Amino acid sequence: MSAAIAGSGAALAKVLQRPAQGLARCSRQRYLQLRAQRPATSAHVRGFAASTRVLQKKYTEDHEWIETSNPENAAIGISTYAAKALGDVVYVELPTVGTTVSKGDAIGAVESVKSASDIMTPVGGEILEVNNLLEEKPGTINQSPEEGGWLARIRVADVKELEGLMGEEGYKSFTEEVGEK
Amino acid sequence: MITWNRACRGAQHFTLQPATNRRWLSQNSLEWLAARPIQSYISTSRDPYLNLSIEHYLLQKSAPDSTILLLYINRPSIIIGRNQNPWSEVNLALLDSARNARPETEPSGLGVVDLVRRRSGGGTVFHDEGNVNWTVICPPRTFTRDKHAEMVTRALRSCGVARAKVNERHDIVLDQGQTVADVDRANMHVTPYTHSSHPSRPLKVSGSAYKLTRQRALHHGTCLLSSPNLNVIPHYLHSPAKPYITARGVESVSSPVGNILLENEEFIAAVQKHFALMYTAGESIEALEVGDEWLENDTARKGYDELKSLDWTYLQTPQFTVSNASDIPATVDLDLTVRNGIVSAGTLARRGASETIDSRESVARPKLHEIESWPSGLQAMFPEVTNAERDRLAAWLKEVLPPSHVASSTV
């Protein structure tokens, strides 16, 4: 999301991440306890689920992602990095289905920690569907930014626009670089 | 004509310029926007719609790498956050009564008070001439949620306000402790009064709200210096409808507030000085006066007209429901869903009965703030309702959700 985090440097990322960090933390000991309590099959099930459900994605420098396997109907969302930087999301404004948008247009907005932040679309196209769950449960963006917290589905107008985006590895190094600056 | 103010001068010297000069001024303002890395502005207008539109223009159009200070003072107005609900945040009947010159309410009102939905997040705040609004716009890569609240706190401390600090909600508060402890004076998050043995709750004197776009980060706050209206403000910010509303979006967190008791001009000079200390090593930055002439700029004018429109104020409200379930005398339970400011659906159930009646489809779908009279609308939504039930519900709705034409005054 360009918004909060556009080109954002270390300072922003670090400061914004502070409130969010505590959420999922537990001690190493507690983690091991929890892990030990899991049914023996869960590791296998989880591995299987992950391998089939992981989406092929590309990322923007503004921290949005787009699924690339089917440009006729591609999910868009914000990255895990962006969701952490925003902090607790309390409201999501979704785009209108049927709207035609151009690359970089604001297609929605989120509010977190007194901040209204625009979300930009990584590519142009037509909005086919929006994730209504986010209206009821905006926190889904924090819990599952790159799966259940998708924002909208778009019919990509020009697949060439996807080529300019970063792959997962490229995005990972990009966020590490941003974090170091 | 550009009035090049010294950093310490206030905004009191505005005079109308001939139109040709004003055009010349805005052209120069635009060049200023493009050229300077560090910029300072002060508004001569008291119009909240205009000041917020100038601010938004600076957010959108200033050079991406520039850092900008804008200071302004608004006439009495209530400013709600981008994703808030005016029906639950504000006593709309009280606002409307002054506007329509109805008999004065009890307690007496302040006359015309504007209602404005701003573009940044956060909660509701009351503005008047005893508040100075401060805005800093900077590149996102240098932005943190605290750094400019800390800057304003340094300014306040330089004026002798030793109790000022930034709290964990990024607000500026005054510590109320009695004992004096030895603390690091350079730390804007503690004061000598923070760790009192009998601490009273700190008083809030300036909130924080943010708007983050692709290229820019905006932080603004309203510093409460000497408002004469602290005793009546709670009446404006207390909505009789609130117990009946369940809303998505953002609810205000109310805090005890206090006046700092500082002159506006002293605060303005101190903030300008500390902005300069932060960004130009103290070299004074000339503050450009801005005001009514910005309405001649098409982009600023467009934002201004949008902010003033009732559609922006009311229809941008996140979805909510109104329910009379906690209204004891009612005999019928009514739930109305309001989406995009429009009464879009409802259900009705007679108390004690298990049957629920859904409203008819495709009725007029009226804008909630425009509904003057409820009986015919209720009749259309629920033909089953008896006249007596309908009239009782209509009377309740009119009281809880009065028609509101409140947004802009003609000042």
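**View 1. Helix α9 of chain A (residues 168–180) is the place of Glu176(A).** Helices (H or I, at least four residues) and strands (E, at least two) are DSSP runs, numbered from the N terminus. The model is predicted, and local features need pLDDT of at least 70, while side-chain atom pairs count only at pLDDT 80 or more and totals for chains, interfaces and linings use all residues. Residues are numbered from 1 along each chain as its sequence is written, chains are lettered from A and ligands numbered from 1 in the order in which they are written, and side-chain values use heavy atoms, with hydrogens and water left out. Glu176(A) is partly exposed at a relative accessible area of 44%, where buried means under 20%, exposed over 50% and partly exposed in between (1.4 Å probe, protein chains only).

**View 2. A salt bridge joins Glu146(A) and Lys57(A), with their closest N and O atoms 3.3 Å apart.** A salt bridge is a side-chain nitrogen of Lys or Arg within 4 Å of a carboxyl oxygen of Asp or Glu. Glu146(A) lies in the loop between α7 (140–143) and β9 (152–156) of chain A and Lys57(A) in strand β1 (residues 57–59), so the pair ties together parts that are 89 residues apart in sequence. Both Glu146(A) and Lys57(A) are buried. Over all chains, the structure holds 25 salt bridges.

**View 3. Arg248(B) forms a salt bridge with Glu136(A), the closest N and O atoms being 2.9 Å apart.** This pair crosses between chains, from the loop between β13 (245–247) and α7 of chain B, where Arg248(B) is found, to helix α6 (residues 133–136) of chain A, which holds Glu136(A). Glu136(A) counts as exposed, at 58% relative accessibility.

**View 4. Cys223(B) is in no disulfide, and the nearest cysteine sulfur, that of Cys159(B), is 9.5 Å away.** A disulfide is a pair of cysteine sulfur atoms within 2.5 Å, and the structure holds zero of them over all chains. Cys223(B) counts as buried at 0% relative accessibility, and Cys138(B) also counts as buried, at 1%.

**View 5. Val113(A) has a positive phi of about 45° although it is not a glycine.** Val113(A) lies in the loop between β6 (106–112) and β7 (115–120) of chain A, and with a relative accessible area of 24% Val113(A) is partly exposed. In chain B, Ala281(B) also has a positive phi, near 55°, and is found in the loop between α7 (264–279) and β14 (287–290); at 73% relative accessibility, Ala281(B) counts as exposed.
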